[in-house]
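Visitor: Could you take me through this structure and show me how its features are to be read?

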Amino acid sequence: RMQRAGRGRGKRKQPSASTNGKGRGRGRGKGKEEQTDDSASGPEKVIDMVGNGGEEEEEEEDDENEEDDDTPKPPAAKRRRAAVESEGDSVPQYKLSERLASMPHTQLVEFVTNYIQNHHPELQAEFVSALPRPSLDAIRVELDALAKKYRSAFPHTRWGSDADKYAYGRVRPRLMEFKKALVAHGVEIKKAGWCDTLLEYCDMASDFADNMPDWDDASNNTSKYAAYKSIAVNWKAALKGANLSTTELAAWKTKIEAHNEKSPIIAQKGGAQKAFASVLQQLDALIQKAGGLPPAAPPTSTTATTTTTTTTTPQHPPHHTTATTTTTT
């Protein structure tokens, strides 16, 4: 009996899983709810108290600072303007020359013209008088490049002439582009009224026109003739507008005569003649109007001695010839 009793005591009845789960789950759930209620009530209240206290302290400090600061504040518009100016200071400032150099030529001319006429019309005359004379270096470089283009268009290997119809067809588009630029630059300088610069440009343009090709068919030389006619018109306008002395007029006459010798014969109003013949006529009239050319220096006096020697040489068939040699010192 005692052994049976010991075995019965060792065996205990274990609770079922359903009862254990329910009991434990209910107990834990209740504990969690109690904890969340306590946590929500405790820390949140503390935070609210601390936050409200901080805001009240900041408001009190602001009130004290406003009471202590008696200096008047600027209006709101000035404060906004100062803020905008301070923001603009942080933007990088570019050089005026860099901005102008980046603009296309046409846009730059339009901007400067409109700005002065619309904003500072009183400075227009002063601005125009302060402008320097235009340089011809950039124009010379451009014309050189265009001349190389039309020269490179010639056929490389040819059995025939390089001035025939086929060669002209190859060169014509680039030659017309060159002639157009040559004429346009002269027109621009003449419109601007730069008479001294126009004289120099006509001298340079004449050299370019002299090097233009001559074609077998005379009708294909119209572009070269047009270039010479345009240069002649510019010569006349420049000589008329420039205030030149008789010495300067004489110097330009020498240059124009040299160009006229190289120029072709062109049909003009006065008939077919050299391209710059009419320019030389106008130049002679200007020289006469200015009082004529300065007198040349008198030649140095020399003593002239003439010696004459006569010799007779027999010839065949029978007749003779008399040779006379004259020596002058």
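Predicted model: local features only at pLDDT ≥ 70, side-chain atom pairs only at ≥ 80, totals over all residues.

Visitor: How many helices and strands does the chain have?

Guide: Helices (H or I, at least four residues) and strands (E, at least two) are DSSP runs, numbered from the N terminus; here the chain has 12 helices and 4 strands. Buried means under 20% relative accessible area, exposed over 50%, and partly exposed in between, with a 1.4 Å probe and protein chains only; of the 329 residues of the chain, 21% count as buried.

Visitor: How should I read the packing of helix 7 and helix 9?

Guide: Two packed helices are described by the angle between their axes and the distance between the axes. Axes are lines fitted to C-alpha atoms, for helices over the stretch in contact, and angles run from 0 to 180 degrees between N-to-C directions. The axes of helix 7 and helix 9 (residues 195–210) come within 12 Å and cross at roughly 10°, so the two helices are roughly parallel to each other, a label for angles under 35 degrees. With contact meaning heavy atoms within 4.5 Å, I139, R140, L143 and D144 in helix 7 meet Y201, M204 and F208 in helix 9.

Visitor: Which residues are in contact with N234, leaving aside its neighbours within four places in sequence?

Guide: N234, in helix 10 (residues 222–241), is in contact with G186, K190, L198 and C202 once those neighbours are set aside. N234 is buried, because its relative accessible area is 3%.

Visitor: How many salt bridges does a search of the whole structure find?

Guide: A salt bridge is a side-chain nitrogen of Lys or Arg within 4 Å of a carboxyl oxygen of Asp or Glu, and the search finds 5. One of them joins the side chains of R133 and E200 at 3.2 Å, N to O; R133 sits in the loop between helix 6 and helix 7 and E200 in helix 9, 67 residues apart. Another pairs D214 with K224, the closest N and O atoms being 2.8 Å apart. D214 is exposed at 52% relative accessible area, whereas K224 counts as buried at 5% relative accessibility.

Methods:
Residues numbered from 1 in each chain as written. Heavy atoms only, no water. Parallel < 35°, antiparallel > 145°, perpendicular 65-115°, else oblique.
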